[in-house]
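Work through the following exercises with the structure open beside the text. Each task is followed by a solution in steps.

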Amino acid sequence: MKETHRQFYRDVLDNLQSNSLAIFAGAGLSKSAGYVDWKGLLKDIADDLGLNIDIEYDLVSIAQFNVNKIGGRSVLNNKIISEFNEDIDLSQNHRILARLPIHTYWTSNYDDLIERSLKEAKRVADVKHSVSQLNYTRPRRDAVVYKMHGDASLPDEAVLTKDDYERYFSDKAPFVTALSGDLVSKLFVFIGFSFADPNLDYILSRVRFYMKSAQRHHYYFIKKVQPTDPNIKDKADFEYQVRKQALFIEDLRRFKLQPVYVDTYNEITDILNEIEFLYKRKTIFISGSAEEYGSWDRETAQEFIHLLSSKLIRENFRIVNGFGWGVGSAVINGALEAIYSKPEKYGEDQLIVKPSIQNG
């Protein structure tokens with residue numbers, strides 16, 4: 001663990017414990033699995049316009065230029081369908097994020113990798129990619145996935161052009177409200193996001209304006225500029241890009257966005273693995289069954305299990321209980337005794353019951 005990451009780990013683990021951690025996934029997260037990023041999506045379209053995608057930064061305008069040229073968005077829609085309906089395997093980052101007890105996911109991506117990773121982890125995802133879906137709650141959901149720019153299954157509704165962005169705060173106002181609320185109440189970790197999106201820039205500015213000094217901080221991953229980066233031409237170019245990145249990072253601090261520096265993108269996977277390890281280290285599995293307890297009588301043995309479970313809860317561990325015969329009830333009683341003694345400090349989510357089949 002890098003010393004510079006220690007506060008990040010503490011904040012993430014604390015907010016996982018309190019169910020107040022949220023993920024914002026940008027195109028970089030899906031790119032690591034094999035999908036195109038925005039430049040990849042619009043490369044052919046830029047070529048048709050006689051533009052070089054490698055030197056263009058206003059990608060929203062490129063999408064709009066295409067619509068202006070052909071009088072509609074059929075080319076864009078077909079491009080979204082062809083690029084984001086391929087059968088691409090989940091990345092390790094997606095799998096780790098799905099296994100963690102994160103209940104809120106936001107994304108500007110059109111693909112279904114987050115939903116698929118949650119399904120693989122045996123979790124029920126409540127997906128919201130249109131305003132009408134915000135009115136309903138999927139039964140027994142484990143996580144909500146907000147796809148603020150739409151879904152590849154409905155490309156005509158995907159937010160991509162200038163027209164889409166200009167209408168967003170009218171057509172998609174409930175998404176703006178929902179994201180603003182989550183940015184106030186939850187700790188966000190931005191993964192694979194470039195902060196070039198005008199919608200998010202507006203929402204962050206709005207939260208900053210209303211919350212003022214009470215605005216909470218968030219984190220984002222950023223790869224340090226390296227002299228070996230493929231886009232670095234020489235020493236002067238490297239120094240220029242370092243200065244530009246430093247200014248970019250300082251500007252994001254206005255929104256209380258804190259950088260988590262990595263030297264390579266692969267390091268993000270290492271960090272997520274470490275978070276999962278640290279989280280699981282606070283989980284104790286107590287199971288088994290007993291009719292007899294060796295040299296101990298039943299009352300003494302169950303009292304020990306009761307006290308052990310109570311102590312674990314008071315030390316902020318989570319208990320997973322198999323509810324085995326002669327053991328499970330003592331675990332539950334001990335854990336609940338601690339939880340109910342200080343409900344403002346301990347929560348029922350610290351006790352997870354996974355009953356095993358018992359043949360009587």
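The model is predicted, so local features need pLDDT of at least 70 and side-chain atom pairs count only at pLDDT 80 or more, while totals for chains, interfaces and linings use all residues. Residues are numbered from 1 along each chain as its sequence is written, and side-chain values use heavy atoms, with hydrogens and water left out.

**Exercise 1.** Determine the strand order of the open sheet and identify the strands at its edges.

Step 1. Take helices (H or I, at least four residues) and strands (E, at least two) as DSSP runs, numbered from the N terminus. Two strands pair if DSSP finds at least two bridges between them.

Step 2. The open sheet has 7 strands in the order 3-4-2-1-5-6-7, with parallel pairing.

Step 3. Strand 3 (125-128) and strand 7 (257-262) each have a single partner strand, so one side of each is left without a neighbour in the sheet.

Step 4. From one strand to the next, the twist averages 20 degrees; axes are lines fitted to C-alpha atoms, for helices over the stretch in contact, and angles run from 0 to 180 degrees between N-to-C directions.

**Exercise 2.** Describe the burial and pairing of strand 1.

Step 1. Buried means under 20% relative accessible area, exposed over 50%, and partly exposed in between (1.4 Å probe, protein chains only).

Step 2. Strand 1 pairs with strand 5 over 5 bridges, with Ala 22 opposite Phe 188. Another 4 bridges join strand 1 to strand 2, where Thr 107 is the bridge partner of Ala 25.

**Exercise 3.** Is Arg 140 buried or exposed?

Step 1. Arg 140 lies in the loop between strand 3 and strand 4. Its phi is positive, about 60 degrees, although Arg 140 is not a glycine.

Step 2. Arg 140 counts as exposed because its relative accessibility is 73%.
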